[in-house]
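Subject: Structure handover

Hi,

Here is the structure we talked about handing over. Please open it next to these notes.

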Amino acid sequence: MTAAPSRSSRPSGRHVAENQSQQPHVGSLSSRHLPWRPLGQSSARVSELGFGGAGVGNLYAALDETEAREAIREAWNLGIRWFDTAPHYGLGLSERRLGAELAGRPRSELVVSSKVGRLLVPQSPRGRDTEGFDVPADHRRVRDYSRDGVLRSIDDTLSRSGLDRLDLVLVHDPDDHWPEASTQAVPTLARLREEGVVGAVGVGVNQSALAARFLRETDVDFAMIAGRYTLLEQGALDDALPAATETGRSIVAVGVFNSGLLATQEVPDDARYNYATAPPHVLRRAREIAAICKEHGTTLPAAAVAFPLRHPAVAAIAVGMRTSQEVRRNVELYSAGVPHELWDALIGAGLLRQ
């Protein structure tokens, strides 16, 4: 791991929020925004449905610049006010596109989150990126959860996006980096939060047990968990959700479709689950859930969007969106409403935990 150059104790002056009054509050927003939820005991809030920015970073396939910008614009027009991104997403492409399209929007009505842990280091182009994004490999990712790495990452993100500040900052995928992430990255971000530079500090992980450890043992306000609290699997009930409840902190659920398996009412044979082809027993379970959803006048994807928000510790969900059509569909799913009887039926069928 390469250490970043030594820096001052905070990002450069143009990147520092002048005061915490710039953080969004419910009363300051127009009537068109989706409902806000607080994050733990911090001053920060997010819209209940967030825009996941991996797709506009060319996740899996290239996306035209115009289409990407239209998706972000449509999200704003339909009331989404929280936009989540990361340096990892398209080697900075997601951050650049979000920043360009959100420029000029009322800053007090906008919440942007990005992540630290992967520095982007320029290199001679070497074909295409090999970590899931259809972009030129003109940078390499260097894991760095140190104090200097965190500060450099934030400044780099602000330079790419053109934003004046980040409202939320998460420690990204620290699975194999607990010592450095817990003793350097989180304390550095907590100090920036105390100084008013960021509104809330989080951790973004795929495993709920690690999220629970960060919630219990570090000074994060929330944990973003991908795929571990969904209509299909509820492992987070054993660790992360109790940890959030007991510590007064929040969970943000992402990956609510489990990589696409729950994204359509008719589950195809080649559906993906956890970034791979779904095995037969998982396909069978998803189809059983879909059948009960249909019996109750709703759909599998609508239930998948609604499910995580039922738990009091879950503040919000974020869904990946690539096009304006996907944005409209996700907002429609979020707004659809699901009959309470559905949950009882799924529990009774042994397809959902209490």
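S5 and S8 run parallel, joined by four bridges. (Two strands pair if DSSP finds at least two bridges between them. Strands are DSSP runs of E with at least two residues, helices are runs of H or I with at least four, and both are numbered from the N terminus.) Within that pairing, Val-116 stands opposite Val-171 in S8. On to the next pair: S8 and S9 are also parallel, with five bridges. His-172 has Gly-204 of S9 as its bridge partner. Between S8 and S9 the chain passes through helix H4 (residues 178–194), and this β-α-β crossover is right-handed. (Right-handed: with the strands pointing away from the viewer, the path from the first strand over the helix to the second runs clockwise.)

Before you go further: this is a predicted model, where local features need pLDDT of at least 70 and side-chain atom pairs count only at pLDDT 80 or more, while totals for chains, interfaces and linings use all residues. Residues are numbered from 1 along each chain as its sequence is written, and side-chain values use heavy atoms, with hydrogens and water left out.

How covered is S8? Five of its five residues are buried. (Buried means under 20% relative accessible area, exposed over 50%, partly exposed in between, with a 1.4 Å probe and protein chains only.) Leu-168, Leu-170 and His-172 point one way from S8. Val-169 and Val-171 point the other way.

Next, salt bridges. The structure holds 26.

Arg-107 and Asp-167 meet at 3.0 Å, N to O. Arg-107 sits in the loop between helix H2 (93–102) and strand S5 (111–116), and Asp-167 in the loop between helix H3 (147–161) and strand S8 (168–172), so the pair ties together parts 60 residues apart in sequence. Arg-107 is buried at 17% relative accessible area. Asp-167 is buried too, at 1%.

Asp-129 and Arg-141 form a salt bridge at 2.7 Å, N to O. Asp-129 lies in the loop between strand S6 (118–122) and strand S7 (139–143), and Arg-141 lies in S7, twelve residues apart. Both Asp-129 and Arg-141 are buried.

Arg-216 and Glu-246 also form a salt bridge, at 2.7 Å, N to O. Arg-216 is in helix H5 (residues 208–217) and Glu-246 in helix H6 (residues 240–247), so this pair ties together parts 30 residues apart in sequence. Arg-216 is partly exposed at 45%. Glu-246 is exposed at 56%. As for the network, salt bridges that share partners join Arg-69, Arg-73, Glu-101 and Arg-105.

Last, the largest pocket. Its volume is about 1500 Å³. (A pocket is an open set of points on a 1 Å grid over the protein atoms alone, where a 1.4 Å probe fits, with protein on both sides within 12 Å along at least five of seven lines; lining residues have an atom within 4 Å of a point. Points are joined across faces, edges and corners, and the volume is the space filled by probe spheres set on them.) Its lining has 49 residues, with Ala-54, Leu-59, Tyr-60, Gly-255 and Tyr-275 nearest the centre. Strands S9 (200–205), S10 (222–226) and S14 (314–320) and helix H9 (324–336) each supply at least two lining residues. By class, the lining has 18 nonpolar, 18 polar and 13 charged residues. (Nonpolar: Ala, Val, Leu, Ile, Met, Phe, Trp, Tyr, Cys and Pro; charged: Asp, Glu, Lys and Arg; polar: the others, Gly among them.)

Best wishes

Definitions and conventions. A salt bridge is a side-chain nitrogen of Lys or Arg within 4 Å of a carboxyl oxygen of Asp or Glu.
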